[in-house]
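Hello,

Here is the structure I promised to pass on.

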Amino acid sequence: MNPSRFVDRTSSTPLLMGINGTTAISPPTDHQTLLKQSCRRPTISEVNYLIPPRKIPINYSCITEILKKFIIYFQVVDEIKNLYSIAFPLIITGLLVYGKSVISIVFMGKLGKEALAGGSLGNGVANIAGYSIISGLAMGMEGISSQACGAKQWSLMSQILQRTILILLFTSLPISLLWLHIEPILIFFGQDPIISSTASSYLAFCLPDLFFQSFINPLKIHLRTQNITFPLMLGSGFALVLHGPITYFLIYRTGLGIGGIAVAAAVTDFVLLITLILYMLFSGVYKRSWQGFSYECFQEWRPILGLAIPSCVSVCLEWWWYELMILLSGLLSNAAEVVATMGIVLQATSLIYIFPSALSLAVSTRVGIELGANQPSRARTSSIIALSCAVITSFLAMSFMATLRNVWGRAFTEDETIVSLTATVLPVVGLCELGNFPQTTGCGVLRGSARPSLGVTINLGSFYGIGLPLAVILGFGFRKGLMGLWLGLLVAQIVCALLMVLVLKGTEWRKEANRARELIGVGEAHENDGLGQYIRIKVMN
């Protein structure tokens, strides 16, 4: 620093000049002191004195944008918590139910090939002409029940539960007659007489479980639409723990054989039913959503049937597709290896399906509740976040399939041909999950907004209008075999997922909220769903 800057050449008195040329400070006349002060760094007070403060303009629009981003971030996090607070217990429940089915298959295998074949055939018939129908019809109450919960229409929830149980019980009667006379039907379609007899015996012992499911499915939906999932997980855990010992006792101590496996499944489902009922009684949930038995449940079935029948068709189309894949596999040249491989691959898809299914049920509940509460923007947000989560988890599922392609087959068999065929197909099966996760979640959004018929149209066109013909052409026409069948399913899943996204993108959520309130008998209200409302809710909580 040059000391001469601070000296007035025309005067003997040194001066410290300001930035604008004005005299700022008169330093001491002592030359040594002047030299020391001129060489030191100015203090903050001197700088502030010399440099006048400037007013920094505040960009309020920028601050507003930042606040909006923070609020959106918290909304997203909050919605993910809401979704997975429902989905996570359902995932655990699904894994427990999956474990129960694996135990049944293991015991069937220990009884011999005929018992395994007959039990597998019986399970297939039960799924196609029984459980899929009961489960699908029960799904019809999902949209109304969740919307009624959002609007706090507890009496309507009670009536919907009673009507659905009655519908399922009445539906179980013709299904029971079919199961009791299934043996000649199976023989007529060319099935082995011994295997057909075993399957018929298995289905006869499954009849009590059919009626238990008529209560379990509606109760599960009734509780889930109120964000109550713990008893489902607890009851499924009890059922899994008891299933093995009960099955062993009934097979080897009572001599029921294959029938013992069916009775064990019915007993453990009865345990689940009792758990749900006891929870409702002791938790006090029934005081709010159960208004007592009413003869009104025998009236006004048209609205619930209008949703139950399309939901049933949608579920059946999806369940029947995989059974149809097994039938097509049996028509290929190397039928024994292909059918065995298909069975092993379907075990993997059944395990993976637990995750998108749980997310689908969760988003159905969330969308229904928000529409019933007249909050269409939140229903839209929930659907977008759920679809985003589905896309992310679909890549994880694909990675799981690709990683275990050489291991999964060996967990079921030592046959090298089957193991090699399983390892070849599993990566394509993993690609199918990229479409399966979003389309399953999209179906949940449609159920929550009480539009199951739209889901039926999309599934029917994608799977049976595009996927099935393409699978037959690739599998048999181009001789791609099992790989061709799965490539057909891959195209169907992708088309279905894209159609679901397009439908949801074009959804008018304000209109859906008004329709929901008409459906549950509540007058139209004005939405209070902005950022300010979100802030007030968070502050109140």
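**A loop residue to start with**

Arg-479 sits in the loop that links helix H15 (452-477) to helix H16 (482-505). Please keep in mind throughout that this is a predicted model. Arg-479 has a relative accessible area of 74%, and because anything over 50% counts as exposed, Arg-479 is exposed.

Asn-374 shows a positive phi as well, about 65 degrees, and is not a glycine either. Where does Asn-374 lie? You will find Asn-374 in the loop between H12 and helix H13 (376-403). Is Asn-374 buried or exposed? Its relative accessibility is 3%, so Asn-374 counts as buried, the cut-off for that being under 20%.

**The chain as a whole**

Stepping back, the protein chain contains 18 helices and two strands. It has 541 residues, and 48% of them count as buried. The accessible surface comes to about 26500 Å², with 66% of that area belonging to carbon and sulfur atoms. If you take the contacts between residues at least 6 apart in sequence, 81% of them join residues at least 24 apart.

**H12 and its two partners**

Two packed helices are described by the angle between their axes and the distance between the axes, and I have both for each pair below.

How do H12 and H14 pack? Helix H12 (residues 335-372) and helix H14 (residues 416-448) meet at an angle of about 15 degrees, and their axes are 8 Å apart. Angles under 35 degrees count as roughly parallel, and H12 and H14 are therefore roughly parallel to each other. Their crossing is right-handed. The residues that make the contact of H12 with H14 divide into 21 nonpolar, 13 polar and three charged.

Thr-417, a residue of H14, gives you a handy place to look. The C-alpha atoms of Thr-417 and Glu-337 are 7.2 Å apart in space, while 80 residues separate the two in sequence. Thr-417 has 45% relative accessibility and so counts as partly exposed.

H4 is the other partner. The axes of H4 and H12 come within 6 Å and cross at roughly 45 degrees, so these two helices are oblique to each other. This crossing is right-handed. On the H4 side, the contact is made by Met-139, Glu-142, Ser-146, Gln-147 and Gly-150. H12 contributes Leu-361, Ser-364, Thr-365, Gly-368, Ile-369, Leu-371 and Gly-372. Sorted by class, the contact of H4 with H12 has four nonpolar, seven polar and one charged residues.

**One more spot on H4**

Leu-121 also belongs to helix H4 (residues 113-150). Which residues does Leu-121 touch, leaving out those up to four places away in sequence? They are Leu-186, Gln-191, Ile-195 and Ala-199.

Terms used. Residues numbered from 1 in each chain as written. Predicted model: local features only at pLDDT ≥ 70, side-chain atom pairs only at ≥ 80, totals over all residues. Heavy atoms only, no water. Axes fitted to C-alpha atoms, helices over the stretch in contact; angles between N-to-C directions. Helix = DSSP H or I, 4+ residues; strand = E, 2+ residues; numbered from the N terminus. Parallel < 35°, antiparallel > 145°, perpendicular 65-115°, else oblique. Left-handed = near helix turned anticlockwise from the far one by under 90°. Nonpolar A, V, L, I, M, F, W, Y, C, P; charged D, E, K, R; others polar. Buried < 20%, exposed > 50% of the residue type's maximum accessible area, 1.4 Å probe, protein only. Contact = heavy atoms within 4.5 Å. Areas by Shrake-Rupley, 256 points an atom, 1.4 Å probe, with all protein chains shown as cover.
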